[in-house]
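Please look at the sequence and the structure shown here before reading on.

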Amino acid sequence: MLIEPRSLDDPAVLELLGELQLEYVHRYGGPDETELSSTEFTTPHGTFLLACHEGLPVGIGGWRTLDVSSYSGIRDDDAEIKRMYVRATTRRRGVARRLLGALERTATDAGRRRIVLETGTAQPEAIALYEAGGYFPMTERYGRYAYTEFARYYSKDLPPLRLATAADLPLLQDIERAAGAPFAELGMTAVADDEPPGIEELRHYCDAGQAWVHLDSGGRPDGYLLADVVDGQAHIEQVSVHPDHARAGIGRMLIDHAAGWARDRGHRALTLTTYVDVPWNAPYYERLGFRFLDDAHLGPELREIRAAETHHGLDRWPRAAMRREL
């Protein structure tokens, strides 16, 4: 399945929007009359997603930023889900769950900290989906149907992640230097002293939307992840967490976020290269579901990465490639 951004007036989106309105008529006696504009679902104010399976459209959904001055109970870091719908012939196959996850991830990428939504009592399947996904009822009511008996409102907090910006790049270098320091305690001084990625290299990932940061309680990056595509699969180029914030689940959060990004794009696996015997390297990744790849199963691009690492002197300590199925 592929889940990708589309315009609100994309033909496939319009077709599914029409089906959704017919379903509203069937369930509620009339269409949803909430006015939507395509500009509401464009970066950085929102996004609209189309899910396709084997090339056929199967689901849609978007999120937008609401005007806090016009809606009671809405925060300025909220994202509101709108027009989430899965075609009847493809329900009960996990499409809605995947689509909801993609909406949460893209809102997180944009720096949203909470996601809110409006549904109704005539949609018990939707209510069950949201509650199973960690959404809780809101006491606040907003929008066109705030004073109706059938409207129900839910919210869910989002993780403190977002896409990296140009202003973050020097901080990522600082995190990398700090994360390298513990290697010296294992006698791996060459690793500890290795220079972090340069600003231009980091900018490449940032511009591609393939660099994420985790934010501490003060909104400052304390961990980051860079993703690439290698041999047709998603590849973690680098994931580092500042030692002052180690063992707090930050690395796992970043990797799981990247895994969702990879699944949305149709990738079947995540790969990476790492040190075999360093406790916070291969043993840690094994706990996250990664398994070792022997040389016979390396693709040509991953083989080139391993050769470059050897040339750089990193193989002075046992090093290997790993893969996590998605």
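## A covered strand and its partners

Leu163 has Trp212 as its bridge partner in strand E9. This is a predicted model, in which local features need pLDDT of at least 70 and side-chain atom pairs count only at pLDDT 80 or more, while totals for chains, interfaces and linings use all residues. Residues are numbered from 1 along each chain as its sequence is written, and side-chain values use heavy atoms, with hydrogens and water left out.

Strands (E, at least two residues) and helices (H or I, at least four) are DSSP runs numbered from the N terminus, and two strands pair if DSSP finds at least two bridges between them.

| Pair | Sense | Bridges |
|---|---|---|
| E8 (residues 161–163) and E9 | antiparallel | 3 bridges |
| E9 and E10 (residues 221–230) | antiparallel | 5 bridges |

Opposite Val213 stands Tyr224 of E10, and in the hairpin of E9 and E10, with 5 residues between the strands, Gly219 takes a positive phi near 80 degrees.

In a regular strand the side chains alternate between the two faces of the sheet. From E9, Ala211, Val213 and Leu215 point one way, Trp212 and His214 the other way, and all are buried, where buried means under 20% relative accessible area, exposed over 50% and partly exposed in between, with a 1.4 Å probe and protein chains only.

## A buried loop residue

Thr90 lies in the loop between strand E4 (78–86) and helix H2 (95–109), and it counts as buried because its relative accessibility is 11%. Leaving aside residues up to four places away in sequence, Thr90 touches Val58 and Val95, contact meaning heavy atoms within 4.5 Å.
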